[in-house]
Amino acid sequence: MSTVPHAGNAAIFKARTNKWFAGFSWFVAAAGLAGLVVAGGVPALAGAGPLLLIAYLGWLLFWRPAVVVHDAGVTIENPFRAVTVPWAALVQVDTRYALTLVTPGRSYGAWAAPAPGIWGGRNARPEDLRGLPDSTYGPGNSVRPGDLKSTDSGQAAQLVRGRWQQLVESGLLDAGAAETTPVSVKFRWREAAAALVLLGLSYWSVAVL
């Protein structure tokens, strides 16, 4: 996990493994570009479309996604959209498939915090089950694999639930405001356009050149 201090009393969650995947994709792209130049000189870079796409997808799918926990709520930065759920609109935090923020209208999953699956709990240690926010525990103090401290979804959920619990206990949240509190959803048009351009360039590089 990478939890980075952020402006406005916020913390940013990014899975460390995602950074490795992003770095690997950039390495592959850089090595491919170098190979093109060595083999065909600078003119060979005209066929670099697929490599540029790999580098871009490394940023879009692995480096950019994040969960930002801040005073106003939780912002989920997914590849093509950003969702901000105010604290007053949040009714549940789920980790069955990924960190998912549940509101009265719908649920929003976080690309940056996937759950480990049914086998994720096999290597759980006792310390992974202790000291979690109260809302984490189910009947008999049971904990889902996706809630374990050793998982991406569990680490992100701990950040969200911990801040949420503090606000509830301090009486700063209106329990009846969830139905009327709007959720902000912004589609990332520039990221989508860049992906389409690079897909087209990749097709041109392979089919035409």
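## Starting from one leucine

Is Leu 167 buried or exposed? At 16% relative accessibility, Leu 167 counts as buried, since the cut-off for buried is under 20%. Keep in mind that this is a predicted model, so every value here is computed from predicted coordinates.

Leu 167 sits in helix H3. Leave out residues up to four places away in sequence, and Leu 167 touches Trp 87, Leu 172 and Leu 173.

## The main core

The largest nonpolar core has 23 residues. Those with the most contacts inside it are Val 67, Trp 87, Leu 90, Val 93, Leu 99, Leu 101 and Val 160. Strands S3 (66-70), S4 (73-77), S5 (81-86), S7 (98-102) and S8 (107-114) each give two or more residues to this core, and so does helix H3 (152-169). The largest share is 5 residues, and H3 supplies it. Apart from this core lies another one, of 5 residues, with Leu 53, Tyr 56, Leu 60 and Leu 198 among them.

What does Leu 101 contact once its neighbours within four places in sequence are set aside? The partners of Leu 101 are Val 74, Ile 76, Val 85, Leu 90, Gln 92, Val 93, Arg 106, Ser 107, Tyr 108 and Val 160. Two of these names, Val 93 and Val 160, also turn up among the residues with the most contacts inside the core.

How many of the residues of S7 are buried? The count is 5 of the 5, so S7 is largely enclosed by the rest of the structure.

On one side of the pairing list, 3 bridges join S7 to strand S6 (residues 92-94), and the two run antiparallel. Val 93 stands opposite Leu 101 of S7, and S6 and S7 form a hairpin with 3 residues between them. S7 also pairs with S8: 4 bridges join these two antiparallel strands, with Ala 98 opposite Pro 114 in S8. Here too there is a hairpin, joining S7 to S8 through 4 residues.

## Salt bridges

A search of the whole structure finds 4 salt bridges. In one of them, the side chains of Arg 64 and Glu 191 meet with an N to O distance of 3.6 Å. Arg 64 lies in the loop between helix H2 (49-63) and S3, while Glu 191 is in helix H4 (residues 189-207), so the pair ties together parts that are 127 residues apart in sequence. Arg 64 is buried, with a relative accessible area of 11%, and Glu 191 counts as buried at 12%.

Glu 77 forms a salt bridge with Arg 188, the closest N and O atoms being 3.0 Å apart. Glu 77 belongs to strand S4 and Arg 188 to the loop between strand S9 (184-187) and H4, so this contact ties together parts that are 111 residues apart in sequence. Glu 77 counts as buried at 17% relative accessibility, whereas Arg 188 is partly exposed at 24%. Salt bridges that share partners join Arg 64, Glu 77, Arg 188 and Glu 191 into one network.

## A bridge from helix H3

Arg 163 lies in H3 and Asp 71 in the loop between S3 and S4, so parts that are 92 residues apart in sequence are tied together. Arg 163 counts as buried at 17% relative accessibility, but Asp 71 is partly exposed, with a relative accessible area of 47%.

## Nonpolar groups on the surface

Which residues form the nonpolar patch on the surface? They are Phe 24, Phe 27, Val 28 and Ile 54, with about 390 Å² of accessible area together. Helix H1 (residues 16-40) gives the most to the patch, with 3 residues. Val 28 has its place in H1, and at 30% relative accessibility Val 28 counts as partly exposed.

Conventions
Residues are numbered from 1 along each chain as its sequence is written. This is a predicted model: local features need pLDDT of at least 70, side-chain atom pairs count only at pLDDT 80 or more; totals for chains, interfaces and linings use all residues. Side-chain values use heavy atoms; hydrogens and water are left out. A nonpolar core is a set of buried Ala, Val, Leu, Ile, Met, Phe, Trp, Tyr and Cys residues joined through side-chain atoms within 4.5 Å. Buried means under 20% relative accessible area, exposed over 50%, partly exposed in between (1.4 Å probe, protein chains only). Contact means heavy atoms within 4.5 Å. Patches are made of residues with over 30% relative accessible area and no salt bridge: like charges are joined within 9 Å, nonpolar side chains (Val, Leu, Ile, Met, Phe, Trp, Tyr) within 5 Å. Accessible areas come from the Shrake-Rupley method with a 1.4 Å probe; for residues, only the protein chains shown count as cover. Two strands pair if DSSP finds at least two bridges between them.
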